[in-house]
Structures are given as C-alpha cells and as structure tokens.
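Biologist: I would like to learn how to read a structure like this one, feature by feature. Please show it to me.

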Amino acid sequence: MGEVFQVEKVDSLEVNEECPIKQVDVTVPKTDDPAMPVLTFRMWVLGITSCVILSFVNQFFWYRRQPLSVSSISAQIAVVPIGHFMARVLPKRPFFEGTRFEFTMNPGPFNIKEHVLITIFANSGAGSVYAAHVLSAVKLYYKRALTFLPALIVMLTTQVLGFGWAGLFRKYLVEPAQMWWPSNLVQVALFRALHEKEKRPKGGTTRTQFFLLVLICSFAYYVLPGYLFLMLTSVSWVCWVSPKSVFVQQLGSGLEGLGIGSFGIDWATISAYLGSPLASPWFATANTAVGFVLVMYVMTPLAYWYNTYGAKTFPIYSNNLFTSNGSEYDILSIINSKFHLDRTTYAQMGPVHLSTFFAMTYGVGFATLTATLMHVLLFSGSDIWKQTRSAFSGSGKEDIHTKLMKVYKSVPMWWFLVILVANIALIIFACEYYNETLQLPWWGVLLACAIAIFFTLPIGVIAATTNQMPGLNIITEYIIGYMYPERPVANMCFKVYGYISMTQALTFLADFKLGHYMKIPPRSMFMAQVVGTILSVIVYTGTAWWLMETIPHLCDTSLLPEGSPWTCPMDRVFFDASVIWGLVGPRRIFGDLGEYGNVNWFFLGGAIAPLLVWLAHKAFPNQNWIRMIHMPVLLGATSMMPPASAVNYTSWIIVGFLSGFVFYRYRPEWWKRYNYVLSGGLDAGTAFMTLLLFVSMGSTGINWWGNNVDGCPLASCPTAQGVMTKGCPVVS
C-alpha cells in the first residue's frame, strides 16, 4: 500500500502543476503507473525482432542508388496489433514459480511502456552505423584488405562510446525541464494516439487499418519503380524536348543535372536522403526549399556558366574527383605501399579537382556551421543561458515529470564510466594493434575523445532547446587533416570517433528524455539501449560484409551493369572526403597549396547571414515572417548533395508542401490522425517489396525504354572546348 499511496500523492500534482515549457505541458501526460510491467516477454521478442529487421533492411538499402531509410515509426506502428494479439494468445501461467526468476509470458494487456522500449530497440536499427563508410571505403574503393574483427571493433566502439558522454551529461541534459528535446514530442503524441481507445469512424478507418491499407498499396505499387518501370524514380521530361542537347539535359536531368521539372513517383526517391517529408514541419520544408533553389538554381548555374574553377571542364553535378583535363582521377595510383600519399606520383598527376558544385557544397557546409552557432547565439542565446544556468545551478524548479521519475532507481554513474573506460581502452588497443590498417595513433584517439567531450555539452544544450545540432564532421576532418595528413583511414577513424560518438551521445540523451516523458524506469531504458545498440551493430556489420561478398563489383560504377542500383552514392561521397581531407589533405585543397582557398570565405558568410536576419527582425519586429527565416536550415538545405540529386529534393519538397501546408492547414483532423501513420506504411511497404524483388529477381532486369533511368545520358557531359569524355560530344 505504501507504493500505491506514494503514486497517488505524486499524481495529485497533476491538477495544478504546469510544466515551464508550454509545448511539453500540452503534449506529455502528467500521470504514471509504476506497477505497469515493462521488461516483458513481449517487449523482448518484439524489440529484438524490430531491431534486427530494421538493422538488416537499412544496411541493405545503404548501398543502393536511392538508399531508403526505414525509420522506427514503421516498427512503432506495426507492433501495436502484434502486441495486442500476443496479449490475447500467450499463456498467463507463471514460470519458475516461487523463485527469484519467476516470470509470465503474458502479464496482462499490451501497454504503452512496453511499446516505448520496443521503439527504443527499433531506434537502434533505424538509419545506419556511420562507421560502415570506413569498411566500404577501405574494402571497395581503396581495394585494401580489412579483416572482420577490426571492422567489428570500429563499428561497435563508435556507437558505444557515446554512452560515456551521455552518462556524464544526463544530469544537465535530461533531468531539467528546460532541456525539453522538441523532437521527442512527436513520438509522445504518436504513442498516445496509438494507445487511446478509438472506434472506427463512420465511413473511415482506424489508424491500424489505415496503416495496413497503405502498407499493402505501397508494397504492390513499388514493383513498378523498383523493377518494371524504373523511370518512375526520376521523370525528367525536360530532357525529352531536345534529346541531343547537352544544355537541355543539364537543365532537366533529375539525377545528373539541375532537375528543372523533374520528379519521382517513388517513395524511395522521395525519402531517400532527407527522410520522410511527412514528418517535416512546413517551416523547415520551406527553408529547405529556399536553400535548394538558392544553391541549385542560382549559385550553381552562375558558377558553372562563368566557368569558376574551370567548371565547364567537369560535369555540372558530380561528386567524383578529376584531373585538370576533365578525366576521372586515378586515386589508387597516388597511394604508396604504406597506404600513404605518394608525393612523387601526385606531383606528376597534378592536383585533385572538384566539380564546382561539389566544391560549393563544402563551402555551404562551412557556412552552415558558423550560421548555426551565430543563429543560436542571436535568436536563442539569452534563453539558452537562462535555462542552462538554472539547470546547472540546481535552482530550477523540478517539474512534474522529474518528480514522477523519482519513484524509480536511477542508473548509477559507474555503469557509464565502466563502459567509457573499457571502450576507450579497446579503441586504443585496436588502433595500436591494427595500426597498419586503421592508421590512427593513440594520441589521435584521445584528441578525438577530447573534441567529442568538449562539444557534447554545448551542442547538447542547443539540440535540447532549439532542435538544431551543428555537425562536427568538417571540424574533425580539418583538425586531423592538418595534424596528421596523407593517411586516409586515420582521417576517417578520427572523424567517426570525434563526431559520431557525440552524435550517438545526443541520440542516447534524447532517448533518455523520451523515457523521462513516458515514465520508463531508467535502468530498463539503459538496458534496452545497450542491448539494442550492440545487437544492431552485429547485424549492420554482418549485412554489410555479406553484401560485399555477394554482389559482384559492389560500388564500382565502372564495372557494374548500366542501371544497376548498387552504386553506393553515400559511400562514394565518404570516400571522396577521405581523399580530400585525409589522403591529399586540406592544405593541398583549401589551404595555401590548393586551388580552392577562396571557399573558406563561406565561414565568414555563414556567420554574417543570421546577423542580417536578426537586424531585419529588430528593425521590423511586427513582420513575423522574418523570424521564420532560419539560416542554418536554409544554408544547410543541400548538405546531402551529393550524394542526393535534384529529383530527391524536388519530389521531397512537393510532398512536404502537400502534407505540411495543404493538409495541415485545410484538413487538420485528417493530418493529425493519419499523417505519421501514412509515412510509416509507405516506409514499410516499399522496404518489403524491395527485399522481395532482390531475393526473387536478384540483379536481373527488363530491357525496355521505361527502364532507361532518368533518360538524360548527356547531362554529365563537360562543355569546355576540346574535353573528351566517353559518350559525350566534343565542343569545338
């Protein structure tokens, strides 16, 4: 009775107490039932199954031209009917009755806390392990030997290292009400919607019925863009106007050009790089659209047709690396036997050249970094300072959710410290023992950890209060590129340990906050995160290894058959980055020995841009639309280009406009009820059909006009005089 009395006493705070953050106050429930079972048989079965399936599917899609990312929302929705079914049919009798190991397979109705932990497992399998790029770059692009054990260690340690940073800062980034992690509110709202009692509306469907209908329809439809009619992935009709004109095809190609008028009737194309447009608020979609138009339709054409950096010698859109005469750079020829830069051969071949668009995307990345810091400082600086000071001083008033969570035992700090110390020790051992392969010295590991621990707290504060997270990949590449140049794998490893470990820490902290909102016992949450992370890494690594051994010429576009989906666009960009920042080094590209030094001015431009918006907002305070100009989102709009192409953006923006503006404004009830369910159904149906096509058809295809993807073969041709490229006319 003592526990029941304590819960009732805490619940009485619900009536009068408000959360300091209004969005949290109206979204997150202020009640809890500590007696609700959490670590149930159903949770383990569905959680592990979701984790394994999503890990396999997402790594499977990783290497494809349109790398569909199946989010945890699919599992979050799909497990609801399965959970209720298991609650009806599983036996309720106890096992090992009378012992400390007593448990039952069916403790009662399927509940929301089980559902949250299942979703945490699914989150571990959503997306991919960033360190998989290292495997692909070394084995598939550099053509170097890499055994399974060091590969698994790199994959595992990059993910688990984030637990250490998360443990150090959870007191400041999870418990305070001011650190509210806005993105979690979408999940909370969806959990509540899925567990509310609902009757099928007259003439309508329940959410579960709607999800199944969408899944079946998307499953059946994807046989067209996935096998029978590949052109649906990129309908570039402008190219048909003048099939022999390089200029027209540069304008119209959705895959190799500016993508004017191009669109994809294919969910894999729409959600491949930017995620589901149905989950993007219209404000963010609009900023992304403006940024895309600015870069793709203003800056790129001007730079190309004014021949900036010899732009016409190269394709208008490409992430490849070139020699000065426009031919593709033979990277393997400038690597010596020690896997370092061969300076003599590099001097003979000449410097590496980028397409102007590729160089510009790095410049925009520089601008995004400084713009994010400046934007947060100007528009949210005072609020963040007040919230941070309140959180760190302990003077902030505990909100209702923190009080409710005091019922449960917290995770001891020493759990995190043991994981942290053991993980760092394993990384140093791996880097020293496999130094010939990994190249990163012990001091590089410690420096990467120092960068991660230094930035986790300030960037965590930004992410927890503004939903913006500046990327550290450029900073890490720059630092190690200057300190330890001419070693590509060292650069890649330094980036994943300095950047991805921090990103993982923030992911774990966000999950902890979700558990905080949903009143999940912290130790149960910790267990689900650890098990899910380790399990997903094993599946990711095994799947990647299997695909590398199974698919002939994986990622090698020079040997793959035409139209093959296994082009690995994301890995190609990562490989090119390792060449630019690691093998050749930033000094020979963006420094005093390189041609692209002026790109560094983007750092300054990015810092100035939010200042101009802030001054305009101060000058015209009544114009609310000015404050909606979000320079970090706007400048960072094309951060996924390459590998993303124009058709991915045009299609994503169209669907995002329909969902976030049209339906949200004019059909709000339909949007609230079905929008996220629609996204999950499209993800799941497309994923299942793609796997079925791969298993049943393999790499075989149908040779007909409709499978001529994009249909713009001249879009990638150079337009400078005298440049000879296979399949392209020579300009005289």
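Biologist: Is Val238 buried or exposed?

Modeller: First, the ground rules. This is a predicted model, in which local features need pLDDT of at least 70 and side-chain atom pairs count only at pLDDT 80 or more, while totals for chains, interfaces and linings use all residues. Residues are numbered from 1 along each chain as its sequence is written, and side-chain values use heavy atoms, with hydrogens and water left out. As for terms, buried means under 20% relative accessible area, exposed means over 50%, and partly exposed is in between, with a 1.4 Å probe and protein chains only. Val238 has a relative accessible area of 15%, so Val238 is buried.

Biologist: Where is Val238 found, and what is Val238 in contact with?

Modeller: Helices are DSSP runs of H or I with at least four residues, strands are runs of E with at least two, and both are numbered from the N terminus. Val238 is found in helix α11, residues 238–241. Contact means heavy atoms within 4.5 Å. With neighbours within four places in sequence left aside, Val238 is in contact with Val248, Gly252 and Ile260. The C-alpha atoms of Val238 and Gln250 are 9.7 Å apart in space, and the two residues are 12 apart in sequence.

Biologist: How does Leu535 count by accessibility?

Modeller: Leu535 has 23% relative accessibility and therefore counts as partly exposed. Leu535 has its place in helix α23, which covers residues 522–550. Apart from neighbours within four places in sequence, Leu535 is in contact with Ile48, Cys51 and Val52. Along the chain, Leu535 and Ser55 are 480 residues apart, yet 8.9 Å separates their C-alpha atoms.

Biologist: Is Pro552 buried or exposed?

Modeller: Pro552 counts as exposed because its relative accessibility is 58%. Pro552 lies in the loop between α23 and α24 (569–584). Between the C-alpha atoms of Pro552 and Trp566, 14 residues apart along the chain, the separation is 9.6 Å.

Biologist: Now the backbone. Which residues does the cis peptide bond join?

Modeller: The cis bond joins Pro642 and Pro643, with omega about 15 degrees. Pro642 sits in the loop between α27 (631–635) and α28 (646–666), and Pro643 is likewise in the loop between α27 and α28. Pro642 counts as buried because its relative accessibility is 6%. Not counting residues up to four places away in sequence, Pro642 touches Tyr317, Asn319, Phe357, Phe358, Thr361 and Val573. From Lys30, Pro642 is 612 residues away in sequence and 44 Å away in space, C-alpha to C-alpha.

Biologist: What is the phi of Glu486, and what is the phi of Lys519?

Modeller: Glu486 is not a glycine, but has a positive phi of about 70 degrees. Lys519, also not a glycine, has a positive phi of about 60 degrees. Glu486 is in the loop between α21 (473–483) and α22 (488–518), and Lys519 is in the loop between α22 and α23. Glu486 counts as buried because its relative accessibility is 9%. Lys519 counts as buried because its relative accessibility is 1%.

Biologist: How many cavities of 30 Å³ or more does the structure hold?

Modeller: Rolling a probe the size of a water molecule over the atoms shows where empty space is left. On a 1 Å grid over the protein atoms alone, a cavity is a set of points where a 1.4 Å probe fits but cannot get out, and lining residues have an atom within 4 Å of a point. Grid points are joined across faces, edges and corners, and a volume is the space filled by probe spheres set on the points. The structure holds one cavity of 30 Å³ or more. The largest cavity has a volume of about 40 Å³. Elements that give two or more residues to its lining are α6 (132–141), α7 (148–173) and α19 (435–438). Residues of the lining include Val134, Leu146, Pro150, Thr437 and Val489.

Biologist: And the whole protein: how many helices and strands are there?

Modeller: The secondary structure comes to 29 helices and four strands. Of the 732 residues, 58% count as buried. The C-alpha trace spans about 90 × 60 × 60 Å along its principal axes.

How values were computed:
On a 1 Å grid over the protein atoms alone, a cavity is a set of points where a 1.4 Å probe fits but cannot get out, and a pocket is an open set with protein on both sides within 12 Å along at least five of seven lines; lining residues have an atom within 4 Å of a point.
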